[in-house]
Amino acid sequence: MLCRWNDRELKFARTVMFTVEEINRNAQFLPGVSLGYRLYNGCGSENLIRAAIEAISQEGPACSARIQALLGHSSSGVSKDINTLLSPLSIPQVSHLSTCACLSDKNLYSTFFRTVPSDRFQALALVQLMKNFDWRWVGIIYSPTTYADKGTAEFVVEAMKEHICVEYRLAYSTASTENHEAIVKMLRESSSKVVLLFMSLSYTKSFLSKMAGYNISGKQWVGSEAWITQQDLASVERQNILQGAMGFALPEASIPGLGNFLLDLKPSDEPQSGTIKAFWEKFFDCSFFPSNTSTLCTGGEDMKAISNDYTDVTRFRAENNVYKAVYLVAYALHALLQCENGTNPTTGKPCVIKSEVQPKMVKRKHTVICPCMVLEHIKYVNFTAPNGAKIFVNDDGLINWHMRDDGSVELVNIGRYDTSFSEYRKLKLKGDAKIVWGGNSTEVLRSVCKEPCPPGTRKANDKNKPVCCFDCFECPEGTISNQTDSPDCLACPPEFWPNAKKDHCLPKPTEYLSHKEIMGALLTALSCLGVFLAFLTFLIFLTHKETPIVKANNSELSFLLLISLKLCFLCSLTFIGRPTEWSCMLRHAAFGITFVLCISCVLGKTVVVLMAFRATLPGKNMKLFGHVQQRLSVLALTLVQVLFCIIWLCTNPPFPATNLNYYKEKIILECALGSAIGFWGMLGYIGLLALLCFTLAFMARKLPDSFNEAKLITFSMLIFCAVWMAFIPAYVSSPGKFTVAVEIFAILASSFGLLVCIFVPKCYIIIFRPENNTKKHLMGRIPPRTL
């Protein structure tokens, strides 16, 4: 079937004639049997129905039809209508261009066959093309035909599987101006840069003519196979649309002799054909009848001198499908005539003995070939045509339009899509192919609704938007994503924390009070200063040990107190640095024992002062609390703390621990208390001794003495108690290394308080007021018995 006034359809019809003649010339193929054909005008619905009915109307009883198969139509919609008539009669139909995937439904179109790939393959190829260039956001403009409607529907289904979204899908109407305006508005306002133009050739010509005047630019056009190889569509006005256009074309083929056969057409070859004359007049703009408006056709004009679809014999694409369609029917007939005992040895289907075939099929006594028998054999045909074309291979070339300044075009093959390859190798671009991109772009256009979510964010789909139009949210604190378009953020392990970009986890920095930082260095310096001052005071007292102010109130306790103060200053250094198992046990034990030793000495001095001034008889109380008793009391009070610390360290000692809870982004290295009872019991014992010492010193503060040490002890204990009372809430609420700093500060402050309040006034007198460092001055108003 051919459409009149259509160059391509004439070319297809002539290809049928060429192929039939080629088969009939082959003595080895269908020997003794000649093929025949009849061409019908299948253009327009009325002609279509009339042609189909005419083709099948001359039927006798079952299996006596004159036609064995029908070739055509180019249009999928027309082929559907034809097969609706042919299927009940079991007449096979073979199409060369009907690509609609809907025709693959054998329940509806049981006698339909084709030598062109289904639109499903084209849809798959187009999806792979867009996936290859990362075009995830596309628009579709299609013609309201079965071919385009079903083809784009198939594309949308396959595109969704690859997360390619369609922004719009608009049908083009040739008659509606409003439709044209709507399409132009969408093209200008849409965010997608890629447009799939899925149309038949006639609709494409109309669309491009309409769009040429709107100056649509900045788009990458992708075409369907129906028009992507039609070079006559190119023009200067359409350059902004067609430049860089891409699409898959039917594979090229070489058919020896066909080019010359097409170009050798003469009206004289078929003088009775009005169709040939009509085409001739159209080709050469002449008339076979005298006319004032056109020249007279001679019939001898040279076909090689004109350029149109018919005379383009440089490449054969759709013509190769026509060529294969004729051979498909011929091979089915050939198989039907290969008979052994009534069946074909290859297919096992009933066959016909060649010698019994009646060419005219009118006499009952002869065997006839029935279309239903051809139908059965055509299902099993698998052949290679004389030009090397295989019936079952789907291999589409990827075409790229290179527009020239004069409006002409060069169609460049930049790759191929071959279904015989593996899933990830079906689309293969040529390595040396020069690709021209649409929109006058020097590089591939980006066409996405939303740029991919970078690492460090998560992808969240909006149910009210296409899957390509997602949102990107930054990963929450403590989580990362190390992949593009990650649907979830993953939490880092406890010892790790996200980097600034939140795309991978880094080990958390550790925090502890170090000598190298300012606060640690400052506390270290204060500790060293305290040791130095205590040592200096010790030297001053040692060099002036025979002076009255040193000998007063038991110099032995003063020296022991200075030694314990030095140990207090030194023990603060154990709190600085990375916690270890030994340092954790040493710091608290050393602190508790040295401070008890220190307070015990102060308590002993306080008791001495109090008993000396409260005595009723001279020297009586001093005998009760003499040097031996003072030493034993200091030893006993200190041993209590020593025993307490030994029990603590042996049962549940402090140990180095990592605190992951206080700070999310860093690890605190600290000394866990082990037993909280042990720690607070140790502090409680120190506090009890300090409170007792403060109470006794407070009672002795007003005793007569020109240099009353009880006042100094009272003030030092007041500072001591104030410091440690403030320490408790500060210690509990301070984070990380500041907890350690608070404890060190409390140790240093209380130690400096004792050193300054008790010893600085005496050193002042020793160094700057030696005249006051006499027994007479110290006795002052004190009665002799108090000495």
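Visitor: Which residue in β22 is the bridge partner of T510?
Guide: The partner is I667. Please bear in mind throughout that this is a predicted model.

Visitor: In what sense do β20 and β22 pair?
Guide: They pair in the parallel sense, over 2 bridges, with β22 covering residues 667-672.

Visitor: And what is the strand order of the sheet?
Guide: The order is β20-β22-β21, in an open sheet of 3 strands with mixed pairing. The edges are taken by β20 (510-511) and β21 (655-659); each has a single partner strand, so one side of each has no neighbour in the sheet.

Visitor: Let us change topic. Which residues touch the most other members of the largest nonpolar core?
Guide: They are F591, M717, F720, W724 and L754, in a core of 69 residues.

Visitor: Which helices supply at least two residues each?
Guide: Among them are α13 (518-543), α16 (581-614), α20 (709-733) and α21 (737-768). The greatest contribution is that of α21, with 15 residues.

Visitor: What does F720 touch, leaving aside residues up to four places away in sequence?
Guide: F720 touches F595, I599, I686, A690, S750 and L754. Apart from this core lies another one, of 50 residues, which includes F18, I23, L97 and A318.

Visitor: Now the charged side chains. How many salt bridges are there?
Guide: The count comes to 19. In general, side chains of opposite charge can pair when their charged atoms come close.

Visitor: What does K11 pair with?
Guide: K11 meets E319 in a salt bridge, at 3.4 Å from N to O. The two residues are 308 apart in the chain, with E319 in helix α11 (residues 318-336) and K11 in helix α1 (residues 7-25).

Visitor: Is that pair buried or exposed?
Guide: E319 is buried, at 7% relative accessible area. K11 also counts as buried, because its relative accessibility is 3%, under the 20% cut-off.

Visitor: What about E252: which residue is its salt-bridge partner?
Guide: The partner is R317, and the closest N and O atoms are 2.8 Å apart. This pair also links distant parts of the chain, 65 residues apart: E252 lies in the loop between β8 (246-249) and α9 (258-263), while R317 lies in the loop between β10 (295-296) and α11. E252 is partly exposed, with 47% relative accessible area, whereas R317 is buried at 9%.

Visitor: Finally, the surface. Which residues form a nonpolar patch there?
Guide: L522, L526, L529, F532 and L536 form one, with about 430 Å² of accessible area together. Of these, L526 is found in helix α13. L526 is partly exposed, with a relative accessible area of 32%.

Technical notes
Residues numbered from 1 in each chain as written. Predicted model: local features only at pLDDT ≥ 70, side-chain atom pairs only at ≥ 80, totals over all residues. Heavy atoms only, no water. Core = buried A, V, L, I, M, F, W, Y, C linked by side-chain atoms within 4.5 Å. Buried < 20%, exposed > 50% of the residue type's maximum accessible area, 1.4 Å probe, protein only. Helix = DSSP H or I, 4+ residues; strand = E, 2+ residues; numbered from the N terminus. Contact = heavy atoms within 4.5 Å. Salt bridge = Lys/Arg side-chain N within 4 Å of Asp/Glu carboxyl O. Pairing = 2+ DSSP bridges. Patch = residues over 30% accessible without salt bridge, like charges linked within 9 Å, V, L, I, M, F, W, Y side chains within 5 Å. Areas by Shrake-Rupley, 256 points an atom, 1.4 Å probe, with all protein chains shown as cover.
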